[in-house]
Amino acid sequence: MDMKVKGSKELLTEVIDAGLCTLCGACAGGCPYLVSYKGRIVLLDSCTISEGQCYQYCPRTYTDMDAISQGVFGTPYSGDELGTTKEVLMARSTDTRIKERAQYGGTVTTLLSLALEEGLIDGAILTKMSDDKTPGAFLARSREEIFQCTGSNYMACPILEALNHIPKDSTEKLGIVAMPCQILALSKMKKEPPQNRVSIGNVKLAVGLFCTWALSPDGFHQFLKEKLDLPQVTKFDIPPPPANIFEAYTPSGKISFPLDEIRKFVMPACAYCLDMTSEFADISVGSVEGIEGWNTVIVRTDVGAQLIEMAKEKGKLEVDTLPLENLAHLKKASLLKKKRALQQIITRSGDRKNLLSVGLQQSITDKLLA
Amino acid sequence: MSGVGLDAPGSTQLFIGNEAIARGALEAGIGVASAYPGTPSTEIMESLIPVAKEMNFYAEWSVNEKVALEVAAGASFAGIRAITSMKQNGVNVASDFLANLVMSGIGAGLVLACCDDPSAISSSNEQDTRNIAKWLDIPLLEPATFQEAKDMTKWAFDLSEELNSICMIRSVTRIAHARGNVTLGELPKKEQKAHFDSICPVVPTLPKFIPYPSAWLHSQLHGKLDKAQELFESSPFNWYTGPEEAELLIITGGSCWLYSLEAVNALKLQSKVGILKLGTIWPLPRKLIETHLGKSQKILMVEEIDPFLEGSIKELVADLPPASPHPAFYGKHSGHINAYGELNPDLVIEAIAKIMGLAYQPRDPEYSKKAEEVPFTYMPPRIMTFCPGCPHRATFWAIKNALRLDGRDGFVTGDIGCYSMAIGPAGYFQERTMYCMGAGAGVANGLGKLGQFGFSQPVLAVCGDSTFFHATIPALINGIYNKSNFTLVILDNNATAMTGFQPHPGTGVTGMGETTTVVDMEALCRSLGLQVDVCDPFDLENSTATLLKAIAQNGGPRVVIMRRECELVRGRRDKKPPYKVHVDPDKCLGEACGCDRLCTRVFGCPGIVWDNESGKATIDETICTGCGLCADICPQGAIIRETV
């Protein structure tokens, strides 16, 4: 892919219309032209800016991985399975209320609450499900509001649009919980700070989630709406293999759907994503296969390390070593996502040397594809 | 009393053609006048209305042209002289009744004044109503001067009564809207008494006012035309100027007569070229024409829009005895005269010069080139646009956003009105079809039934409030009946704005200014079982959301009324703007990423202008109406509105 920064027209042709949009929201909300609506990025009017921030921050336009890694960690991109890490461990909340409601171990909710209490952040941009389980961006400014955002429904949500909506003179310190594609867009913003938008320096904490793929919010929500009384649903889950199901928790019990029935709603763009563990976040959080009620936590930056340390000290988090077997499994799964994505990209470009938007050293490509 | 009602016989007034026609109707003693507004005909009624009460006649803006003609016919049937006026498109609307009316004949004098719009300067199409007169066997007169416009109209009533037929007066924009001297005649003073007498003088068992027995009445009608032709042979509205034996004979009428006269004078060909000016256009005074045809071997027909005289005179020549000399004809068929658009003296000069083999250069080529360049050098490019503060701009902004957000390639079908400007940048190119009144909803009916062919684009029909009453209601009812899938958006600005704010059934005021029942379009639609949402288009968020909801639905039609008063009407009444608007240059992003001149480049209200020097937007205080909508458009909150 061309390394040049272009405008909204090219964003449309090269990314959105090309089926590569991840619905991260980085391009939306920062101008009157691009907005998200029901699982799509919509260009409301033509814009003549030839080098737009919409194109610049898109995680699916050319991204120099070394430069991004330098910006976040001060080192070039390693191509390691889990990216740059300080520590990989497992953790769970000590707060029973959080644990009851949480997707797995409640680590994210606990860390955000702590960051808020300690004044590290004034608010956090999160995904909140509406009563009918439509995902939407939400700026939580209290423990209670953070708590309202627990749980996942596996649908993509353009939360970076909410970041772009924040008034540019705001001094609010922000945390953000995001998917790998959104963390990548955020890293691009950190590298080339946005103009005429809120300072990227306001984002003090980036918590990344593990992600194998996300579901198209419009199509999948429609599917769920036809099958379920959505306001009654308390939780969605995809239990670890070999279950191969998608589960909805309702007052009358769990309702499960074969994963194959769900896969058709996967965002096509996810097939081209190399990142399972949000490699440019301060802290990345996911489940632990086979150990219920715990989270896998990857500590990546000093900010992340300090927060985990504080959580441990204050007894907010119970922390343990991740069993080697689980670590090996996690690395294997993450590497597999990279390999598959690279193969998809090469199939699309028709050239092993052309990795479309992914700017990787040849040696790293070779290592990943070996 | 001034203007058309001035009781000063023999005095000379400066009238536009439409005022002259109105004066002619007054001198003929009309009791009823009816019309639907339409450029260039509107001022006929506009100048009658102010004098109606004082001169003891009735005038109305009717719901559409067909009803207007029927109103006038009703008066005629009861012995009251009546005039109805409309533009060329209106005659189409009225034509069904007209085609029946000609069969039965009339009561008192009945005149249809229609104004054609060559070049379609203010019309959806270019159309020649002379053909309608020929098609329906209606006597037709066409004035070439303002005096004639008055005199012909007055005479048309006498003619109508003498022939027992409706008569037509046709004018064009350059007569209707140009101004010239008119010497006034007497205004009748007698009282009129209306009485409807329906007994047919020929077959007493039949009513008089029916087009039956048709074939017999048709033959009678042809007899009326024969009689008209006899009268026209000696009409003072036809005259010839020029040499006895002209080298070239121009046959013309209406505004083209003056163009021809100027052309002949400019070429100094008065001794070689003769002009036969016709004022009685249908039926043609064939004997008069034949006399002149015999004296010239070259005939040039100068007329606008269709080759009406040309075709009709050629037909006439075909009927001449075989021995008659056959002249050479020049005109639209030969390519000497444009077969479309308006004419002017230059074009006629060109035609004459070509026929006569003259090298005529109207002006020095160098000068000509410069003159053509000047407007583009000093005049900024301007687009057709909505007025500052126009609610339609807001409506189309909401429509555009709703259709983009919806993402199924939805589009707008529309018709003629202020909102027709939405075919261009003023309405963000949203209106994708534009035909006659009510056609937006009509066309949407067809599109809304194509689901079985995989059609899934949302269809959004727009109409104005006056257009809703004029011709949209049947289309809407058809949609309900046949379950057609579309959304009707009524742009209700409480006026027939494009033609000059005439009242209509929804305004609660009659043409003569009396308060009347408001025909509530919302209640009407609801009574038809329709879902109706009413929005203030200036509430962009709610309007967009409402439209999105409406177009997301399937099944029969639904209605969204975008209700906000025409800004010009509000401004004229309130005399002050609701807000004082200014741009905060520190906040304005201008061309930077995050704005890219949204207000001046896309939104396009003429009240906001781009200041090249500062690279910021600024308010043009001379035309800004202070509506304040732009403050909601600006992504940076840089446009500030303060309550006045």
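In the predicted model, H3(B) passes H4(B) in a right-handed crossing, a term for the near helix being turned clockwise from the far one by less than a right angle. The two elements, helix H3 (residues 65–77) and helix H4 (residues 88–104) of chain B, pack at an angle of about 35°, with their axes 7 Å apart. Helices (H or I, at least four residues) and strands (E, at least two) are DSSP runs, numbered from the N terminus; axes are lines fitted to C-alpha atoms, for helices over the stretch in contact, and angles run from 0 to 180 degrees between N-to-C directions. Residues of H3(B), including B:Leu69, B:Ala73 and B:Phe77, meet residues of H4(B), among them B:Val93, B:Phe97 and B:Leu101, contact meaning heavy atoms within 4.5 Å.

Between the chains, the contact involves 19 residues from chain A and 21 residues from chain B. Chain A and chain B bury about 1500 Å², 54% of it on carbon and sulfur atoms; buried area is the accessible area (1.4 Å probe) that two parts lose on being put together, summed over both. One salt bridge (a side-chain nitrogen of Lys or Arg within 4 Å of a carboxyl oxygen of Asp or Glu) is counted between the chains. A:Asp45 forms a salt bridge with B:Lys400, the closest N and O atoms lying 2.4 Å apart. On the side of chain A that touches chain B, strands E1 (34–37) and E2 (40–43) of chain A each supply at least two residues, and the largest share, three residues, comes from E2(A).

Residues are numbered from 1 along each chain as its sequence is written, and chains are lettered from A and ligands numbered from 1 in the order in which they are written. Local features need pLDDT of at least 70, side-chain atom pairs count only at pLDDT 80 or more, and totals for chains, interfaces and linings use all residues, while side-chain values use heavy atoms, with hydrogens and water left out.
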